Amino acid sequence: MKKMKVCPNGHTYYKSTDCPTCPVCEAARKPSEGFLSLLSAPARRALMSIGITELKQLSTYSEKEILALHGMGKTSIPLLKDALSQVGLGFKG
């Protein structure tokens, strides 16, 4: 059963879980370009939670470390590998 919720910014939305993420606010935070724009919201939040906003920062982590982040899924890894390779970088190790 979906419950009506209101975020701190006043957006009204319905969710069937206790997840506090407002879909309206999340859509507004999505970058329009760059490698973060390719990812799902949970994967993007996972990277940003550890301070990764640039590919050079991402390249200092191993694929295994990134995949272990909460919100990061297997479908994101090929996207990240491709973005890294386009600038001559790769995952650590």
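Lys5 is a buried residue without a salt bridge, and the nearest side chain of opposite charge, Asp18, sits 4.6 Å away. A salt bridge would need a side-chain nitrogen of Lys or Arg within 4 Å of a carboxyl oxygen of Asp or Glu. Keep in mind that this is a predicted model.

**Around Lys5**
- You'll find Lys5 in strand S1.
- What does the side chain of Lys5 reach at 2.9 Å? That would be the backbone oxygen of Thr17.
- Leaving aside residues up to four places away in sequence, Lys5 touches His11, Thr12, Tyr13, Lys15, Thr17, Asp18 and Cys19.

- Met4 belongs to strand S1, which covers residues 3-6.
- Is Met4 buried or exposed? Met4 is exposed, because its relative accessible area is 53% and the cut-off for exposed is over 50%.
- Together with Val6 and Tyr14, Met4 makes a nonpolar surface patch of about 350 Å².

**Over at Lys74**
- Lys74 sits in a loop, with helix H4 (63-67) on one side and helix H5 (76-86) on the other.
- With a relative accessible area of 70%, Lys74 counts as exposed.
- Along the chain, Lys74 and Ala43 are 31 residues apart, and their C-alpha atoms are separated by 9.9 Å.

Conventions
Residues numbered from 1 in each chain as written. Predicted model: local features only at pLDDT ≥ 70, side-chain atom pairs only at ≥ 80, totals over all residues. Heavy atoms only, no water. Patch = residues over 30% accessible without salt bridge, like charges linked within 9 Å, V, L, I, M, F, W, Y side chains within 5 Å. Areas by Shrake-Rupley, 256 points an atom, 1.4 Å probe, with all protein chains shown as cover. Helix = DSSP H or I, 4+ residues; strand = E, 2+ residues; numbered from the N terminus. Buried < 20%, exposed > 50% of the residue type's maximum accessible area, 1.4 Å probe, protein only. Lys, Arg positive; Asp, Glu negative; His and termini not counted. Polar contact = N/O pair within 3.5 Å; in protein donor to acceptor, adjacent residues only side chain to side chain. Contact = heavy atoms within 4.5 Å.
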